[in-house]
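Please have your viewer ready.

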Amino acid sequence: MQTKPDLRSYTQIGETDKTFIYENPNALPIAFGSSDSILNVSLIEDQPIQLQEAILQALTDNRVTEQFFVPSDFDSTVYQNVTLSDALNEKIYRKQVLNNDASVSFQFTPETNDSYYLTLSPNIKEEDVNLFLNGEPFTQYETYRDQLVLNIASQNKEDTLTFKIELEESTIRLKDFQLYRLNSTVFESAIQTLKAGGIAIEEYGNTSFKGTVDIQQNQEVLMTTIPYNEGWSVKVDGVPTQTKKALDSLLVIPIAEGKHVVEFNYTTPLFFEGTILTILSAMLIFVTSLFFKKTLKVETNECINKNSST
């Protein structure tokens, strides 16, 4: 279970005995128009907020003048039995009296209903600290190598929020500890622009689908959420098109502004070569089997004739 205040912005559409299902209104379709700037985005290791900012800026041709994720500050910090020191871009918190409770509380009051996210380095383990949001335990998935992005506010305009870190160890080190506000106005505007060039699926099967797109101005490629694989072939208005790769992982297709019919087909790489090899192997086995059967029959007849002569 994970604490996620931003779910307040989503509509619950289903529920099971183990899960709640929400509809994300900002989810993009499987394929949508994008600037070709996305082809030049390099993956940024251990900086998820910066990477998401770079991706969103590239998808929208870097035409957005404001940041999507805005660095923000806490209004105040309260220390209980803790001293603070800085070293090599880290904040080091130490207990003053080892056997006593110790904590650091960060407070802020959002001026908007935007979502707020806190980044936290993965060196902070569950056994090192206890996390609380407004006095309630804050739960988060465990990780040992990836930077954490904690959602600590959404729809909380003018509410005073307190994020508390309770020390279990004598010392903890916080690296990349930064609060960000998601500028929802800019974000939702960008999403609507991308959705305008989204694909409308008309036909689909197990290994193919077909649809129409209306590519907008300043959109030179059709970005997809499909993992890149050489087995994919794509036709735009019936013409085969060379595929490309973005973000070291996703399928992208060059495309021109305007309305188009796009067809995606997947064939397992070397499928035809493998089929031919299988047929040849089967034929070889069949011929070999006939040969051995014929040889065995000849040997049997020779043996019978020999015994008869004797």
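Which residues of strand E19 are on its covered face, and which on its uncovered one? Trp232, Val234 and Val236 make up the covered face of E19 (residues 232–236), while Ser233 and Lys235 belong to the uncovered face. Strands here are DSSP runs of E with at least two residues, and helices are runs of H or I with at least four, both numbered from the N terminus.

A word on the source: this is a predicted model, where local features need pLDDT of at least 70 and side-chain atom pairs count only at pLDDT 80 or more, while totals for chains, interfaces and linings use all residues. Residues are numbered from 1 along each chain as its sequence is written, and side-chain values use heavy atoms, with hydrogens and water left out.

## Partners of E19

E19 runs antiparallel to strand E23 (residues 258–266), joined by five bridges; pairing requires that DSSP finds at least two bridges between two strands. In E23, Glu263 stands opposite Lys235.

Three bridges link E19 with strand E20 (residues 239–241), again antiparallel, and here Lys235 has Pro240 as its bridge partner. The two strands form a hairpin with two residues between them, and Asp237 in that turn has a positive phi of about 55°.

## A look at the lining

The residues lining the largest pocket divide into 14 nonpolar (Ala, Val, Leu, Ile, Met, Phe, Trp, Tyr, Cys and Pro), nine polar (the others, Gly among them) and four charged (Asp, Glu, Lys and Arg).

Technical notes: Buried < 20%, exposed > 50% of the residue type's maximum accessible area, 1.4 Å probe, protein only.
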